[in-house]
Amino acid sequence: RCHTIPGTRFCVDYFGKIAHKVRGGNGYWILTHFHADHYKGLTKTFNLGTVVCSPVTAQLVITQLKVPASKILIIPLDKPTVLDGVTLTLVDANHCPGAVMVIAQLPRQPPVIHTGDCRLTTAMQDNQVLRAMRPLRPTLVLDTTYCNPQYTFPSQDETLQYTLNAVKAELHNPRVLFVFGTYTIGKERIFLEVAHKYNRKVYVSKDKMQILQCCGLTPEYSRLLTTDHLEANMHAVALFKVNHDSLSAILQDNRGRYNTVVGIRPTGWALQSKRGKAQGSGRRSQKGQIIIHEVPYSEHSSFTELREFVSWLDPGELIPSVLPNPEGDRGGQEQPRNYQAAAASLVQLLTGALPPAPAKPGQKKPPGCKPITAFLPKPAPNTVPLEHTAGGPCR
């Protein structure tokens, strides 16, 4: 059910070989964002219907996957659009560029909110469409990647400030190279904000530049990018390359130019690391001329943020989209043997009372997770929904 809009025939982030058996041909297939585990199965030969997505995701699907534009329906953010009798509204998911949450309003049924992948914040509670859903007790399909009490990492702003301070501490050295981990798309905010703050250029590969050109960056940020590595001492590389061995190889290849490499590794899994010394919103380790900062910057919601959003929204039904895999606590594509039991355990974590965490010697017990302040819903703006029929344009 996590790959559907319950109560409809829409598929969400599901383009696999058996997807046509779930939905059938000539329908609508929603893509929440351009990450491979969500568009898996979507190719230039896709012929099962129309792909529905945001403007940024559409550009990425067209340029990177070569899906014909005729197979794509672009829905602008916060613009209600009627498809197959269902009013769909896409809102920013605070994940990677172009990522959206889907709000579906169904005739004579509770609405559905499908978060895709998201980083929930209290600011999202000001979204007029989301606020209008609260009294209706919607069904919530929720990104539960970090649905475990151990994942209570800092806000994105806190981790960004840690990174700014870490970079500033090394700027005195004219021969330092900063290396930022990133995904094919995702984690760009870290290196763009650092480059903007210190007025530096960032080197990206030609492939990464093509991706970023689809994202609609403003001129004040796009001017910071270069594909000439000699123009910048800030480089964006694949996240898995931010490790001691890879950074040592980079330093060796640039021995005459740099004498120190500072790696920034932004990931929510950083909290599991035992290396280095924790310093507020990050962890620093050094070996020779290689410095690595592991920063718990995540584009998924922390456990606390999940609990707070569920408490605020008070959904009529909660459907986890990521379950614990059989080999550990991390969410994954493998489904546990007892799907229903695993889903029920996550729902209990998100809605039930939590046992108090054991206190360390001399430390007070932390307070439990309390509901956040509720907002009074305001009427949604008078917006005439766009109407779309299969094979025809929006109007």
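Where is the place of glycine 49? Glycine 49 sits in strand β3, and this report sets out from there.

## About the model

This is a predicted model, in which local features need pLDDT of at least 70, side-chain atom pairs count only at pLDDT 80 or more, and totals for chains, interfaces and linings use all residues. Residues are numbered from 1 along each chain as its sequence is written, and side-chain values use heavy atoms, with hydrogens and water left out.

## Glycine 49 and its sheet

Helices (H or I, at least four residues) and strands (E, at least two) are DSSP runs, numbered from the N terminus. Two strands pair if DSSP finds at least two bridges between them. With that in hand, β3 is part of an open sheet of four strands, ordered β1-β2-β3-β4, with parallel pairing. β1 (11–12) and β4 (72–74) stand at the edges with a single partner strand each, so one side of each has no neighbour in the sheet.

Strand β2 (residues 27–30) runs parallel to β3 (residues 49–53), and four bridges join them. Here tyrosine 28 stands opposite threonine 50 in β3. Glycine 49 counts as buried because its relative accessibility is 10%; buried means under 20% relative accessible area, exposed over 50%, and partly exposed in between (1.4 Å probe, protein chains only). Glycine 49 and isoleucine 72 are 23 residues apart in sequence and 8.9 Å apart in space, C-alpha to C-alpha.

## Strand β14 and its partners

Now to another strand, β14 (residues 260–266), where six of the seven residues are buried. Strand β10 (residues 176–182) pairs with β14 in the parallel sense over five bridges, and valine 179 stands opposite glycine 263 in β14. β14 also pairs in the parallel sense with strand β17 (residues 290–295), over six bridges. In that pairing, valine 261 stands opposite isoleucine 290 in β17.

## The second largest pocket

Which residues lie nearest the centre of the second largest pocket? They are Pro97, Arg189, Leu192, Cys215 and Leu217, out of 25 lining residues. On a 1 Å grid over the protein atoms alone, a pocket is an open set of points where a 1.4 Å probe fits, with protein on both sides within 12 Å along at least five of seven lines; lining residues have an atom within 4 Å of a point.

Helices α3 and α6 (188–197) each supply at least two residues of this lining, and α6 gives the most, with four residues.
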